Amino acid sequence: MRTAALLSLALLLVACQRETAAPVAQKKEAYDASAGADARRIEADVRFLADDLLEGREAGTRGYDVASLYVAQRMRALGLAPAGDDGSYFQRVPMLRGVIQAEGNELVINRDGQGRALVFGEEFLPNVNYNEADAHVEAQAVFVGQGVHAPELDHDDFAGVDVKGRIAVLFNGAPARFDNDRRAFYSSSRTKAEELVRRGAVGVIVVQSDEDEKKRPWARAASNWNRPGMRLRGSDGKGIDTWPQLKVAASISAASADALLSANGRSAKGLFKDLRDGKLRAFELPGTVKLAARTMITPVDSRNVVARIDGTDEAKKSEYVVFSAHLDHVGIGAPVNGDAIYNGALDNALGIAVMLEAANRLAHAPAPTQRSLLFVAVTAEEKGLLGADWFARNPTVPRESLVANVNMDMPMLLAPTADVVPIGIEHSSLQALVQQAAKEVGVDLSPDPSPEEVVFVRSDQYAFIRAGVPAVYLDGGYKGVDGAGAGEAEGAQKIQEEFLRQRYHQPGDDINQPIQYADAARLARLNARIGTLIADAPQRPAWNAGDFFGERFGKQAAAGAEAHAQ
């Protein structure tokens with residue numbers, strides 16, 4: 001009877017499980033039997049890293065940790081040696097995690113004895129504050145154009161006004177008349193914050209323009225207002241580059257800009273036009289503005305994945321060519337069509353997969369390189385290039401031994417193309433090496449089709465550039481495969497533009513996109529060849545004479561390299 005009772009209980013449990021357990025849906029996966037082995041390896045890496053199980057790979061989450069473990073073991077399987085902390089494949093990256101809270105945020109415009117409070121989320125959003133959980137400031141506001149001071153170009157958005165003790169109000173970007181290098185540098189939020197702090201501002205409000213709204217709709221950002229932000233954490237537990245002098249920072253939507261900017265005959269619409277025409281002038285805004293931000297701040301750690309291939313030349317093997325790609329994406333966010341996982345297939349699972357395939361080619365090359373090679377999958381790029389910044393500040397090899405950076409970020413390979421866009425080659429002697437590698441691989445090099453987007457300062461190569469290391473960033477091209485010209489180029493560009501409008505930093509950046517894995521394999525071959533040419537060159541790469549970034553960041557690094565050689 002006891003046996004029968006146990007059997008009945010077991011059958012009952014099975015029946016209950018059958019009633020409650022949801023069936024596992026089997027996805028039908030495409031398989032290209034004609035694909036080359038290199039393209040297939042890249043696809044396999046992308047499929048794993050962009051899978052829902054990794055929940056968007058946000059830095060500081062379990063999904064990211066799983067991704068970093070996977071990449072470390074892929075590096076091990078390729079024969080790359082660990083080059084992280086304490087003989088491991090990992091470099092610890094300490095950070096602060098900040099999350100805006102739903103209550104306690106304010107933006108109130110006080111004029112003529114009346115207060116106009118903007119609506120949180122709909123009309124304004126505070127920036128994450130890494131210095132104070134509850135931050136407040138009330139002061140007069142002053143409009144300062146785009147917040148750019150470029151004396152070498154005779155441009156000063158602060159002319160005629162004083163921002164000391166005041167809240168600076170400004171637009172994104174930098175003047176269109178600037179050359180690409182200076183527009184990229186002065187568009188950087190870091191550059192603007194440093195200038196505002198130097199001038200004594202106590203707060204900052206960035207006003208979205210009508211053009212910003214077309215490119216990056218306010219509603220999209222507002223729907224993810226509670227997404228965590230991060231900054232690097234110093235040994236004292238405080239944030240690095242968090243500018244506590246700017247007590248509160250916030251953004252205002254283009255639709256609500258008039259509430260702040262309309263004064264003394266001016267309007268937001270008129271200022272948007274002045275922005276396009278390059279005619280912005282600074283002016284004081286009447287009344288005062290009250291800003292408040294409430295943030296939950298906690299410490300969090302993430303990790304870069306670092307591996308190496310040792311060089312063979314006695315004189316050069318202590319120098320390193322650094323390949324980089326960011327491993328993180330933006331995680332889980334507001335649902336779009338019922339999907340809340342932002343997988344990041346192009347951004348940047350594909351970049352990581354291309355870097356790994358380049359590493360595979362280099363690890364199994366007939367002849368090893370003279371200089372050593374580093375492969376770094378960095379964390380928290382989406383939080384402000386933090387993993388790359390930490391590595392550039394605290395490399396796991398001597399800082400002066402870094403000779404060049406080859407970066408991969410979001411190659412938009414969604415249509416067959418015959419070209420690659422190398423961002424930044426004009427700044428250094430890397431240009432000739434990249435051109436030679438492209439010729440050998442059989443791929444065309446095309447100019448950046450959207451220089452106004454200043455991508456040169458928006459990906460991980462910029463952390464290396466700020467450390468004085470010459471760098472190149474390789475992106476997908478836009479020429480049709482048959483080279484017939486404008487029609488094919490226009491088609492590829494339209495596909496890229498559609499991606500940026502509809503799927504960039506959205507759940508739609510997933511594995512279901514028409515990713516061109518054959519083009520990705522070609523890009524990996526190009527990466528590997530560029531790395532080989534740099535590693536075997538008689539001299540380490542050098543900034544071009546008079547180059548803007550070389551003059552600003554390269555001289556200090558060159559002095560360190562000279563000391564290292566001695």
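Analyst: Leaving aside neighbours within four places in sequence, Leu-350 is in contact (heavy atoms within 4.5 Å) with Ile-42, Val-46, Ala-345, Pro-411, Leu-413, Ile-515, Tyr-517 and Ala-520. The model is predicted, so local features need pLDDT of at least 70 and side-chain atom pairs count only at pLDDT 80 or more, while totals for chains, interfaces and linings use all residues. Residues are numbered from 1 along each chain as its sequence is written, and side-chain values use heavy atoms, with hydrogens and water left out.

Leu-350 is also, together with Met-75 and Phe-375, among the residues with the most contacts inside the largest nonpolar core, which has 68 residues. Such a core is a set of buried Ala, Val, Leu, Ile, Met, Phe, Trp, Tyr and Cys residues joined through side-chain atoms within 4.5 Å, where buried means under 20% relative accessible area, exposed over 50% and partly exposed in between, with a 1.4 Å probe and protein chains only. Helix α10, residues 345–363, gives the most to this core, with 12 residues; helices (H or I, at least four residues) and strands (E, at least two) are DSSP runs, numbered from the N terminus. A second, separate core of 33 residues includes Phe-124, Val-137, Leu-261 and Phe-283.

Helix α10 also holds Asn-360, which is buried, with a relative accessible area of 14%. Apart from its neighbours within four places in sequence, Asn-360 is in contact with Arg-41 and Leu-78.
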